[in-house]
Amino acid sequence: MARSSSGGGPRQFVYPPRPTAGIVGRFGIVDLAFFAAALALLWIGFRLIPVSVWWLVGLGAVALLLAAFPFPRIGGRPLTAYLHPVAAAVGDRLTRRGVFRGAVFAPASLAHRMDLPGDLVNFRVVAVPTPDGRSTVGLMVNDREKVACAALLTFGSAMLLEGSAEQGMRLDDWEAVMETFCAQGAGVSRWQLLARTAPDVVNVASRHAREHATVRTGPAWQATQELIAQAAPAAQRHEVYLIVAFDLRGLTDEIASLSEGSSRDEAIGVVVLERLLDLERGITEARIASRGWLRPGQYAALIHTQFDPESLPLHDVLAGQDHDLDPRLAGPSATERAWKSFRHDSAVSRTVWVHELPKRPVATNWLAPVLQQSGLRRTLSLVAEPLGEVKAQASAERQALRAEGYAARRHKLGRPTTARLRKEAQAALDQDEAQADGDGVFRYHLFLTVTAPDEKTLTRQMLSARRRLIRARCQSIVLYGEQDQAFFAGALPLARGLSPMRGVAGV
């Protein structure tokens, strides 16, 4: 978690370093398995000396390679983290499992559910009537993972353009909302803040002026129309969504009590809707403007336009409850996973994981270089998992023990303790103190997804976006071999983390 400080000046935040201490030193379970395999090969080699000494030489060479494999690191990840993605990529190349065909290309397509790729296949849409009966709220329910997701479209004045005092108040308001996710009985397993930026093809500003203007004649109206028309080619649309995923396992008793006289989907809707309305009231009290929870068709359109960006203007034109998209059409027609990109319908995307947040104190607008970048289509997602009291305490203790144990082993070897280890231990202490003060504790990941019409444009725009991340003092890594799962986590409004995922870089 991040620590904030003011000291009478502008508010600043300090982010803890990503833990590097493993079970033994900086090595995790997979690394220790490599070491154990190397020792086993040496033992077998010594047993085979009476047969031939060359067995010892050959097995010793292999054991040396196995023992050395966990040491190199690329982008903050050990080489062992790439084993499963590499094996999956090779398997996909041989079996074509990385290719998905939905819609009319799939057998019995859209007969009963959405056609979604990969492990998203278990998601389905449930329409929950609102208390006034005039509309519905769309829930994305996954019976296998036992989650139900809802999305809220938020909007308001640009926070980056406000003064430091107003920024601090807005952050305090968001903090109050986030704290409710950790409350007892909230049932929230994950939440996601998704900021989507895309070219404003339909010119939302012009449409807003036509719909809400009270005076539509005279020089002032003409000048406004000309100004909007001139800015349209370079205009960008910015949308911020709050996605909340509820853990149905934690709500089992409430759902079971309501399922006696109705279906399970109706019971899930009643239980989840009650929490959604409470959350929306808290957001309104926090002065955060919103347009309400998305209807099933709106939710489906949001997912579909991420897969098919070229359809976004069409859905803008058809916006309205009478023209909502059929939820079964939320999925793509076709996708294909490559080693460093993910092809989906009308575009190709690449996702990076921001594995290191700023190590120095930063102000409230530290992400401004990334958020203010124009001329590309991108999605910035913060996925967070609230930790309960028991998990938070265990996480702090485990991190402190690993950091202190690693430092003690370095001291025995005559090596000084590094500043990073001291900061990791201090971060564990800060988390423990925050929990003792009653603050909520989260685990979080930040993803940046760039979408372009072709690979050449994508590579150029991604390099530009990563340079912006460097300006924001962030370090990022392309999730090679896992671009489909990375797209699901970073670009889709489903509050998914890195798990389940090929590899060991889970949330």
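First, how to read the values. The model is predicted, so local features need pLDDT of at least 70 and side-chain atom pairs count only at pLDDT 80 or more, while totals for chains, interfaces and linings use all residues. Residues are numbered from 1 along each chain as its sequence is written, and side-chain values use heavy atoms, with hydrogens and water left out.

Now the overall make-up. The protein chain has 15 helices and 18 strands. Those are DSSP runs numbered from the N terminus, with helices being H or I of at least four residues and strands being E of at least two. The chain has 507 residues, and 45% of them count as buried. Buried means under 20% relative accessible area, exposed means over 50%, and partly exposed is in between, with a 1.4 Å probe and protein chains only. The accessible surface of the chain is about 25,700 Å², and carbon and sulfur atoms account for 58% of that. Areas come from the Shrake-Rupley method with a 1.4 Å probe, and for residues only the protein chains shown count as cover. As for contacts, meaning heavy atoms within 4.5 Å, take those between residues at least 6 apart in sequence: 75% join residues at least 24 apart.

Next, the inside. In soluble globular proteins, nonpolar side chains tend to be buried together. Here a nonpolar core is a set of buried Ala, Val, Leu, Ile, Met, Phe, Trp, Tyr and Cys residues joined through side-chain atoms within 4.5 Å. The largest core has 33 residues, and those touching the most other members are Leu139, Met178, Phe181, Leu242, Val244, Leu276 and Trp293. Elements giving two or more residues to this core include helix 4 (164-181), strand 7 (136-142) and strand 10 (236-247). Which element gives the largest share of this core? That is helix 8, with eight residues. Take valine 244 as an example of a core member. Leaving aside neighbours within four places in sequence, the contacts of valine 244 include Ala148, Cys149, Phe181, Leu279 and Trp293, but also Arg190. Apart from this core lies another, of 29 residues, among them Met114, Met140, Phe307 and Leu492.

Some polar side chains are buried too. Arginine 196, in strand 9 (residues 188-199), has a relative accessible area of 7% and so is buried. What does the side chain of arginine 196 meet at 2.7 Å? The partner is the side chain of glutamate 239, in a polar contact. A polar contact is a pair of N or O atoms within 3.5 Å; within protein, one must be able to donate a hydrogen and the other to accept it, and residues adjacent in sequence count only if both atoms are side-chain atoms. A second polar contact, of 3.1 Å, joins arginine 196 to the side chain of glutamine 306. Beyond four places in sequence, arginine 196 also touches residues including Tyr241, Leu302 and Arg378. Histidine 445, in strand 17 (residues 441-452), is buried at 15%, and its side chain makes a polar contact of 2.8 Å with that of tryptophan 353.

Now salt bridges, of which the structure holds 13. A salt bridge is a side-chain nitrogen of Lys or Arg within 4 Å of a carboxyl oxygen of Asp or Glu. One of them joins glutamate 455 and arginine 350, at 3.2 Å from N to O. Glutamate 455 lies in helix 14 (residues 455-471) and arginine 350 in strand 14 (residues 347-356), so this pair ties together parts 105 residues apart in sequence. Glutamate 455 is partly exposed at 32%, whereas arginine 350 is buried at 6%.

Arginine 281 and aspartate 278 form another, with the closest N and O atoms 2.0 Å apart. Both lie in helix 8 (residues 264-285), three residues apart, about one turn of the helix. Arginine 281 is partly exposed at 46%, as is aspartate 278 at 39%. There is also a network of salt bridges linking Asp119, Glu145 and Arg496.

Last, the surface. Val86, Val90, Leu94, Trp339 and Tyr480 make a nonpolar patch of about 460 Å². Patches are made of residues with over 30% relative accessible area and no salt bridge, like charges being joined within 9 Å and nonpolar side chains (Val, Leu, Ile, Met, Phe, Trp, Tyr) within 5 Å. Valine 86 is in helix 3 (residues 83-95) and is partly exposed at 38%.
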